[in-house]
Amino acid sequence: MSEETKKTPQQEQPAAEPKTAEQAAPEAAAEQAAPAAEEKDGKKDGWFNKKTHELEAVKAKLEAAQQEAGQTKDKLLRMAAEYDNYRKRTAREADQKFNDGISFAVNQIIPILDTLEMAANAPTTDENYKKGVTMTLDKAAKALDTLHVEEIEALGKAFDPNIMNAVQQVPAEEGQESGTVVTVYQKGYKLGDKIVRHATVVVAE
């Protein structure tokens with residue numbers, strides 16, 4: 001067997017040709033681009049993560065601010081309600097004190113009015129005297145009206161123990177109902193719902 005036939009298959013394969021500069025350049029560029037792309041992707045991921053954290057922090061601050069605003073609103077509403085209640089209570093107390101003062105003053109004047117009423121109803125031949133008393137009573141009635149003090153209507157009305165005092169009962173006359181006021185001994189007065197003086201009356205049985 002000759003020397004040429006003794007060569008192995010490995011020896012028969014041609015050796016790889018060395019790469020030219022043109023062929024090696026793209027591969028080198030690709031190898032260099034791969035780390036750059038990885039670095040760029042890493043920066044992009046980092047930027048997104050940073051923005052996500054910042055957004056979450058802003059959301060947390062917004063929720064905290066909204067919660068604080070809600071609490072502040074509740075406090076303001078409670079304060080407004082408390083002030084409104086205080087204002088109403090103060091107004092009621094002031095009205096009550098005013099009415100108490102009016103009632104006290106009217107109670108001091110009522111006996112004088114009772115005397116003038118008796119003088120006006122007493123028989124007399126002096127018409128000027130009677131006219132003077134009547135004019136005085138008219139002025140007193142206007143003063144009471146200005147103070148919102150009203151006379152309690154009792155004559156001919158059903159007896160009401162809340163605003164009247166019965167001092168006597170008499171047999172009912174024909175046409176009168178039992179429990180009807182037939183005589184007013186002393187006029188009664190009220191200021192709104194407050195009784196200044198009960199009416200003193202006689203009631204039919």
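Residues are numbered from 1 along each chain as its sequence is written, and side-chain values use heavy atoms, with hydrogens and water left out. Because the model is predicted, local features need pLDDT of at least 70 and side-chain atom pairs count only at pLDDT 80 or more, whereas totals for chains, interfaces and linings use all residues.

The secondary structure of the chain comprises three helices and six strands, taken as DSSP runs numbered from the N terminus (helices H or I, at least four residues; strands E, at least two). From the N terminus on, the order of elements is α-α-α-β-β-β-β-β-β. Of the 205 residues in the chain, 15% are buried, that is, under 20% relative accessible area, with exposed meaning over 50% and partly exposed in between (1.4 Å probe, protein chains only). The chain exposes about 16,500 Å², of which carbon and sulfur atoms supply 54%; accessible areas come from the Shrake-Rupley method with a 1.4 Å probe. Of the contacts (heavy atoms within 4.5 Å) between residues at least 6 apart in sequence, 62% join residues at least 24 apart.

The largest nonpolar core contains 15 residues, a nonpolar core being a set of buried Ala, Val, Leu, Ile, Met, Phe, Trp, Tyr and Cys residues joined through side-chain atoms within 4.5 Å. Val 106, Leu 113, Val 149 and Tyr 189 touch the most other members. Two or more residues each are given to this core by α2 (21-121), α3 (127-146) and β4 (189-191), and α2 provides the largest share, seven residues. Apart from this core lies another, of six residues, including Ala 154, Val 181, Ala 199 and Val 203. When residues up to four places away in sequence are not counted, the contacts of Tyr 189 include Ile 110, Leu 113, Leu 144, Val 149 and Ile 195.

His 148 is placed in the loop between α3 and β1 (149-151). Its phi is near 65°, a positive value in a residue other than glycine. Most residues other than glycine have a negative phi. His 148 counts as exposed, at 58% relative accessibility.

Three strands form an open sheet in the order β2-β6-β3, with mixed pairing. β2 (164-170) and β3 (181-186) stand at the edges, each with a single partner strand, so one side of each lacks a neighbour in the sheet. β3 and β6 (residues 199-204) pair in the antiparallel sense over four bridges, pairing requiring at least two DSSP bridges between two strands. Gln 186 stands opposite Thr 200 in β6.
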